Amino acid sequence: MRLDHVSYAVSAGELADTVQRLGATLGAAFTDGGRHPRFGTRNFVLPLTDGIYLEVVAALDHPAADSAPFGQAVRRRGELGGGWLGWVVSVDDLAPIEARLGRESVEGHRIRPDGHDLTWRQIGLNDLIDDPALPYFTHWTSPPEDHPSRVGPATVSIHGCVLAGDPDKVAAWLGGPIDSPLGEGSITWRPEADESGLMAVDFMTPHGSVRID
């Protein structure tokens, strides 16, 4: 179990400006990730160290964005002004999580601008919608060399996250220590926050530490 990516959602009209702003803040360039046909969304990705990536995603004017849970979550976050949508944990085997949750994972795929199709399975998105502090789980079925963290050189890393919510609930959801997916990173909790969710991410860039909230 490891952190796969963190997701920042905005409206479609703010997507280009947000990608430029975050790229300038982090001192690194995003790559056009393409579209998620099943979800009615599109994204830009920034590879980070340790096989992690940052995603900036927006809902499109597409029926899938109104019917798919991921599209609904992205659209809702964008309509609220944009910000962190959540964090995603990658696992080698989804079967134990499917058994624990009593439901099957669903297929996901993203078509890059070059036409290449990336594929994975995921579970737990509805739970993230109910409690944004919870990550959802993914298992990539595309070859490792196609992982979004490999779209270019990585010069930025994550060294911490700020979460609001119930740490015991998140630990039970993960089935292990809360900070286990973050490797050497750390989680800071804000129990006093009015709403749960991913509040901020701390990055280490070539120019020093940067917090995006």
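## Pockets, strands and a helix

Guide: Helix 3, strand 5, helix 5 (125-130) and strand 11 each give at least two residues to the lining of the largest pocket. The model is predicted.

Visitor: Which residues of that lining lie nearest the centre of the largest pocket?

Guide: Arg 77, Trp 84, Pro 132, Glu 195 and Ser 196 do, out of 18 lining residues. The volume of the largest pocket is about 450 Å³.

Visitor: What makes a space a cavity and not a pocket?

Guide: In a cavity a 1.4 Å probe fits but cannot get out, whereas a pocket is open. Two cavities of 30 Å³ or more turn up in the whole structure. The largest cavity has a volume of about 120 Å³.

Visitor: Which strand gives the most to the lining of the largest cavity?

Guide: Strand 8 does, with three residues. Strand 4, strand 7 (117-123) and strand 8 (136-140) each supply at least two. The lining has 14 residues, and those nearest the centre are His 5, Tyr 53, Trp 120, Gln 122 and Tyr 136.

Visitor: In which sense do strand 1 and strand 4 pair?

Guide: Strand 4 (residues 53-59) and strand 1 pair in the parallel sense, over six bridges. Ser 7 faces Glu 55 of strand 4 there.

Visitor: What makes strand 1 mostly covered?

Guide: Strand 1 spans residues 2-10, and eight of its nine residues are buried. Each of those eight is under 20% relative accessible area.

Visitor: Which residues of helix 3 are buried?

Guide: In helix 3 (residues 69-79), they are Phe 70, Gly 71, Ala 73, Val 74 and Gly 78. Their arc around the axis is only 165 degrees, so they lie on the same side of helix 3. Gly 81 follows helix 3, with a positive phi near 110 degrees.

Visitor: Where is Asp 50 placed?

Guide: Asp 50 sits in the loop between strand 3 (41-47) and strand 4.

Visitor: Why is Asp 50 called exposed?

Guide: Exposed means over 50% relative accessible area. Asp 50 has 66% relative accessibility, so it counts as exposed.

Visitor: What is the phi of Asp 50?

Guide: Positive, about 65 degrees, although Asp 50 is not a glycine. Most residues other than glycine have a negative phi.

Visitor: In what order do the four strands of the open sheet stand?

Guide: The order is 10-9-11-12, with mixed pairing. Strand 10 (186-189) and strand 12 (208-212) are at the edges; each has a single partner strand, so one side of each lacks a neighbour in the sheet. On average, neighbouring strands here are turned by 20 degrees against each other, direction ignored.

Visitor: How many bridges join strand 9 to strand 11?

Guide: Seven bridges join strand 9 (residues 157-164) to strand 11 (residues 197-205), and the two run antiparallel. Phe 203 in strand 11 is the bridge partner of Ile 158.

Visitor: Which strands does helix 1 lie across?

Guide: Helix 1 (residues 15-26) lies across strand 11 and strand 12. Helix 1 runs at about 150 degrees to strand 12.

Definitions and conventions
Residues are numbered from 1 along each chain as its sequence is written. This is a predicted model: local features need pLDDT of at least 70, side-chain atom pairs count only at pLDDT 80 or more; totals for chains, interfaces and linings use all residues. Side-chain values use heavy atoms; hydrogens and water are left out. Buried means under 20% relative accessible area, exposed over 50%, partly exposed in between (1.4 Å probe, protein chains only). The arc is that of the directions from the helix axis to the C-beta atoms. Two strands pair if DSSP finds at least two bridges between them. Axes are lines fitted to C-alpha atoms, for helices over the stretch in contact, and angles run from 0 to 180 degrees between N-to-C directions. Contact means heavy atoms within 4.5 Å. On a 1 Å grid over the protein atoms alone, a cavity is a set of points where a 1.4 Å probe fits but cannot get out, and a pocket is an open set with protein on both sides within 12 Å along at least five of seven lines; lining residues have an atom within 4 Å of a point. Grid points are joined across faces, edges and corners, and a volume is the space filled by probe spheres set on the points.
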